[in-house]
Amino acid sequence: MAWRSAGGAGPRGRCGGPMGRRSGRYEMAAGAPASGGGSDAICSFVICNDSSLRSQPIIFNPDFFVEKLRHEKPEVFTELVVSNITRLIDLPGTELAQLMGEEDPKLPGANSTASGFFRSLMSLKRKEKGVVFGSPLTEEGIAQVSQLIEYLHKNLRAEGLFRVPGNSIRQQILKDALNSGTDIDLDSGEFHSNDVATLLKVFLGELPEPLLTHKHFHAHLKIADLTLFDEKGNKTSTPDKERQIEALQLLFLILPAPNRSLLKLLLDLLYQTAKKQDKNKMSAHNLALMFAPHILWPRNVTANDLQENITKLNNGVTFMIKHSQKLFKAPVYIRECARLHYLGSRAHTSKDDLDLLTSSGSKELQPLKSQKRSRLDSCHQEETQQRTEEALKELFLHVHNMPDSAKKKKLIRQRKVLGTPVILERKSRDSTPEPVRVSKENVQLLQKCGSPAHMSQAKLKSLEGQKEGSCRRMRARLLSKDSSSL
């Protein structure tokens, strides 16, 4: 993986890319060797300090670190994705080894001799390989076939699109042109939309292996079986769409790059076609019946080999078409893991780990928060104690200034106000009241009754208000009793 600058140079950025003051474009060079292998890709971003452009929206690829991890560390990336796939679907050891590419896929009908002649006949049809048709999928082949897809996007209203066959002569002319790499003007009117649609299916059918690959075949069967559970934990017949989408997102991440690119173009085309089914009469299910044999069925097998799996496979492709707009986004926890991998933080390798991010972050900050809370509680306790002492002081002075009476003598003699022992100081000679001192026992009793340090701030405020209210009520009660005694 190599980075090259197409603009102004400058100091290195946080993620290793050069950052400059001038506007510039920095690309991950196509064709640069990536550690561990991986296919070529180009990632571009723009750094510009032009004030006139700051108000423009910034386009950010949320899967940037995912793609970076895929190209730079494919083994780490594959292990991360596959570990999450096995969390969603049950893959025995053999099927897991096939998914990882450690063993050759064992496909339906592989050991059958009844249909061997038919499979051999199908293989002979692919013996003449051209540059595009019948060859392994390449970026060059995708560039040629994308012309067909682009043309079909403009002709989605044709009734029976992908079902009605085109003219075989025109199709052969178009096929030869694509194989030779010549430029084709599909808008000239020389070819019909049915010619182009049929040729697209021929291209997919002549690939050496299906677009979704042989080693993913068993995983797709397991994804089709994902269903919801009832309240008692028993499986129902209702598909679990959320888990199916998540599993397909993960499975598509480990497709070869050319397969993933063409699959995205194809599913988007079929999705748009199904949206026009009121005109073209082609629903998502009808389209799945046309394309499942080309993109998902193993090569050289017959319908008899697949037996009961045909319905699962067709329904699986139908699901892909309907939810195609969600399937090419990496799950959030994969994005977070890839981001943390490059930012030097601990990588979270599953959705469960991501769910623990908040709680683990809270635990790490807990000592700091506890210290802060203790300081706040301590300060608040001192403030509350000070206010309580002031309120008691005012009450004690009121008792001290009461006219001599049996009630006053009784209060002083019993040395209790609100059930709290007090010590009263007499006035000084200049008639300035001395501060009332609250004994240590008083403070301990008040704290025990109202404001321990471990209480929350809200509770302290509530108890503080209660104590001040009690003081006011007692003072009013004493005044009323004093008046009545007089």
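1. Start with the charged pairs. The structure, a predicted model, holds 11 salt bridges. One of them links D63 and R335. Their closest N and O atoms are 2.8 Å apart.

2. Next, a pair of helices. Two packed helices are described by the angle between their axes and the distance between the axes. Helix α10 covers residues 257–275, and helix α12 covers residues 284–295. They pack at an angle of about 155°. Their axes are 10 Å apart. Angles over 145 degrees count as roughly antiparallel, and α10 and α12 are therefore roughly antiparallel to each other. Their crossing is right-handed.

3. Which residues of α10 and α12 make the contact? From α10 come L266, L270, T273 and A274. From α12 come A284, L287, F291 and I295. By type, the residues of this contact divide into 7 nonpolar and 1 polar, with no charged ones.

4. Now the hairpin. Strand β4 (residues 227–229) and strand β5 (residues 235–239) run antiparallel. How many bridges join β4 to β5? There are 2 bridges. F229 stands opposite K235 in β5.

5. Look at the turn of the hairpin too. There are 5 residues between the strands β4 and β5. In this hairpin, G233 takes a positive phi near 90°.

Conventions: Residues numbered from 1 in each chain as written. Predicted model: local features only at pLDDT ≥ 70, side-chain atom pairs only at ≥ 80, totals over all residues. Heavy atoms only, no water. Axes fitted to C-alpha atoms, helices over the stretch in contact; angles between N-to-C directions. Helix = DSSP H or I, 4+ residues; strand = E, 2+ residues; numbered from the N terminus. Parallel < 35°, antiparallel > 145°, perpendicular 65-115°, else oblique. Left-handed = near helix turned anticlockwise from the far one by under 90°. Contact = heavy atoms within 4.5 Å. Nonpolar A, V, L, I, M, F, W, Y, C, P; charged D, E, K, R; others polar. Pairing = 2+ DSSP bridges. Salt bridge = Lys/Arg side-chain N within 4 Å of Asp/Glu carboxyl O.
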